[in-house]
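Welcome! Please take a look at the sequence and the structure below, and then read on for a short tour.

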Amino acid sequence: MEEKEIRALIQKAMEVRKNAYAPYSKFLVGAVLIDEEGREYRGVNVENTSYGLSSCAERNAIFSGVAKGMKKIAVLCVVGDTEDPIRPCGACRQVILEFANEDTKIILSNLHGKYEVFSIEDLLPNSFFVKIY
Ligand code: THU
């Protein structure tokens, strides 16, 4: 991926992030996902007064994609207000794995545009996965 494309995706995720519903943690997260067919989906974190029901931005982007026919993630970009580029939680890593392959690019950024690009193997090595046919 070209630097220009990465920057544009990060910018988009920053815009989406503004829609996050995070009145409890006040930690807003935005995610933009491109599937293998070039279609784009978005997600934000959505919290709840019953804290444990809160749902992460990247998971919401994935679930939104699945509802519209997404099969595999080509690129997933996540942005949050962290000092270093944001890191997805363990649960999200497992959900990303479900829809990723070795070419999937996971771009993690903070609000200053400091970013890193990972594969799912980088984020979740030696993972649990049952092959389905
Ligand atoms: N959160 C995300 O949406 N994505 C991440 O990668 C990290 C954490 C959300 C969950 C919760 O709403 C808030 O950030 C604080 O943990």
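## A tyrosine at the surface

Tyr24 is partly exposed, with a relative accessible area of 37%; partly exposed means between buried, which is under 20% relative accessible area, and exposed, which is over 50% (1.4 Å probe, protein chains only). Tyr24 sits in the loop between helix H1 (3-17) and strand S1 (29-35). Helices (H or I, at least four residues) and strands (E, at least two) are DSSP runs, numbered from the N terminus.

Which residues form a nonpolar patch on the surface? They are Tyr21, Tyr24, Val46 and Tyr51, with about 440 Å² of accessible area together. Patches are made of residues with over 30% relative accessible area and no salt bridge, where like charges are joined within 9 Å and nonpolar side chains (Val, Leu, Ile, Met, Phe, Trp, Tyr) within 5 Å. Accessible areas come from the Shrake-Rupley method with a 1.4 Å probe, and for residues only the protein chains shown count as cover.

## About the model

This is a predicted model, in which local features need pLDDT of at least 70 and side-chain atom pairs count only at pLDDT 80 or more, while totals for chains, interfaces and linings use all residues. Residues are numbered from 1 along each chain as its sequence is written, and side-chain values use heavy atoms, with hydrogens and water left out.

An unreviewed UniProt entry carries the annotation "domain: CMP/dCMP-type deaminase" for residues 4-131; UniProt positions are given in the numbering used here, feature names are shortened, and annotations may be inferred rather than shown by experiment. Over residues 4-131 the chain is 30% helix and 23% strand, with the end C-alpha atoms 36 Å apart.

## Inside the fold

In helix H3 (residues 90-98), the buried residues are Cys92, Arg93, Val95, Ile96 and Leu97. Their cover includes helix H2 (57-67), strand S3 (73-80), strand S4 (105-109) and helix H4 (120-123).

Now turn to Ile62, which lies in helix H2. At 0% relative accessibility, Ile62 counts as buried. Leaving aside residues up to four places away in sequence, Ile62 touches Leu33, Met70, Ile73, Val95, Ile96 and Phe99, where contact means heavy atoms within 4.5 Å.

Ser55 lies in the loop between strand S2 (40-44) and H2. Its side chain makes a polar contact with the side chain of Asn60 (2.8 Å). A polar contact is a pair of N or O atoms within 3.5 Å; within protein, one must be able to donate a hydrogen and the other to accept it, and residues adjacent in sequence count only if both atoms are side-chain atoms.

## Salt bridges

How many salt bridges are there? The count comes to eight, a salt bridge being a side-chain nitrogen of Lys or Arg within 4 Å of a carboxyl oxygen of Asp or Glu. One of them joins Glu15 and Lys18, with the closest N and O atoms 2.8 Å apart. Glu15 is partly exposed at 46% relative accessible area, whereas Lys18 is exposed at 56%.

Lys114 forms a salt bridge with Asp84, the closest N and O atoms being 2.7 Å apart. Lys114 lies in the loop between S4 and strand S5 (115-118) and Asp84 in the loop between S3 and H3, so the pair ties together parts that are 30 residues apart in sequence. Lys12, Glu40 and Arg42 are linked in a network of salt bridges.
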